[in-house]
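Student: I've got a structure to go through. Can you walk me through what sits around its ligands?
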Amino acid sequence: MAILEVKDLKAYYITHRYGRTTSVKAVDGVSFKVEKDEIYGIAGESGCGKSTLLKAISGLVKPPLQILEGGVTYNFDGERLNILALNDEKQRRKLRGARLSLVPQGSMSVLNPVRRVRKSFEDVLYAHFDLSEQEFEDVVRKHLDALGLDWTVMHTYPHQLSGGMRQRITIALSTILKPDIIFADEPTTALDVVVQRGVVQLIKKIKEEQQNTLVLVTHDLSIHANLCDRLAVMYAGKIVEEGEVDRIFSTPKHPYTIMLLNSLPKLGDSSPRSSAPGAPPSLVNPPSGCRFHPRCPYVMERCRTESPDLIEMGNGHRVACFLEEGSK
Ligand SMILES: Nc1ncnc2c1ncn2[C@@H]1O[C@H](COP(=O)(O)OP(=O)(O)OP(=O)(O)O)[C@@H](O)[C@H]1O
Ligand SMILES: [Mg+2]
């Protein structure tokens, strides 16, 4: 059963300056479903719209970001609701935290830098529950214990903590209300490899304990390979390929996915790796047709004018490429 269904979502940053309107088409017609209890990964180069997509689907939309069209429907135990149709920020805030939780990119943005960590936990818990001080301490202690974190962190200021510890606390804070679905945006970026492993373990632990669904955004494909059930690859505001992680790693279909995978190091292979040639396009004036066509080694005439839709290749593997149309 799908817990989240995103349909034809368009979210642009629209600014008006010096009499000119500029639209950054960061999410431009995205559709996918997330099944209950799965770990769904979203990959793609910097600037392709991953964080914008998470903001839009968790209802954190404020100017200059605007939703132009589309639907974002959650199904919480049979209760269906379209978060984009909720006009009241209070209702949306209640939903976040309790039902869904976003661990945003950059741990400093969640914890208040001038207040002790405890204060951030108080803000979250007291916004949802009427708790006594003792009850507050019991709830937080239990959660921190389960995650292997020490209560003493509550007395520290964010800047006194290492990057890895700050990220663990951000994750603990974002999951204290046991949300049904967690969106984690680059939770391991900017951490060294050993600390990254610890954070990945922590995420796994929470998921096992709370039995929630996880949407994991990172440009680090090795994290996807280790953690995710299914993967979506984004390019310039669109999903270009989606499917089971093993299938995408073993038989990638989209030339962009192939390019990304070829840039990964391989065990025992000392030949030089091909880095992704060219650069991601501007999202203000994206290329016509298939957005990947200027970088694509297999570009055909129609790719310059027509935009390919995602087509089902079997077993839930979907690819947006004209090369695959004939081979379906
Ligand atoms: N507040 C904003 N105003 C205008 N454009 C923005 C704003 N925030 C992001 N963008 C643009 O939207 C596009 C998508 O950005 P987004 O942050 O979603 O990418 P991303 O895939 O998360 O990248 P990264 O991997 O670097 O985190 C980029 O072109 C970015 O420059
Ligand atoms: Mg981002």
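Student: Which helix gives the most to the shell around ligand 1?
Tutor: Helix 1, with three residues. Keep in mind that this is a predicted model.
Student: And which residues come nearest to ligand 1?
Tutor: The shell has 15 residues, and S46, G47, K50, S51 and T52 come nearest.
Student: What classes are the residues in that shell?
Tutor: Six are nonpolar, six are polar and three are charged.
Student: Ok, contacts. How far is the polar side-chain atom of T52 from an oxygen atom of ligand 1?
Tutor: That distance is 2.4 Å. The side chain of S51 also has an N or O atom 2.8 Å from an oxygen atom of ligand 1. For G49, a backbone N or O atom lies 3.1 Å from a ligand 1 oxygen.
Student: How much of ligand 1 does the protein cover?
Tutor: On its own, ligand 1 has 640 Å² of accessible area, and the protein covers 66% of that.
Student: Switching to the magnesium ion. What are its protein donors?
Tutor: S51, through OG, and Q105, through OE1.
Student: Where do S51 and Q105 lie in the chain?
Tutor: S51 is in helix 1, residues 50–57, while Q105 is in the loop between strand 6 (100–103) and helix 3 (117–128). The pair therefore ties together parts that are 54 residues apart in sequence.
Student: Is Q105 buried, exposed or partly exposed?
Tutor: Partly exposed, because its relative accessibility is 44%, and that class runs between 20% and 50%.

Methods
Residues numbered from 1 in each chain as written. Chains lettered and ligands numbered in written order. Predicted model: local features only at pLDDT ≥ 70, side-chain atom pairs only at ≥ 80, totals over all residues. Heavy atoms only, no water. Donors = N, O, S within 2.8 Å, 3.2 Å for Na, K, Ca; no water. Helix = DSSP H or I, 4+ residues; strand = E, 2+ residues; numbered from the N terminus. Buried < 20%, exposed > 50% of the residue type's maximum accessible area, 1.4 Å probe, protein only. Near = heavy atom within 4 Å. Polar contact = N/O pair within 3.5 Å; in protein donor to acceptor, adjacent residues only side chain to side chain. Areas by Shrake-Rupley, 256 points an atom, 1.4 Å probe, with all protein chains shown as cover. Nonpolar A, V, L, I, M, F, W, Y, C, P; charged D, E, K, R; others polar.
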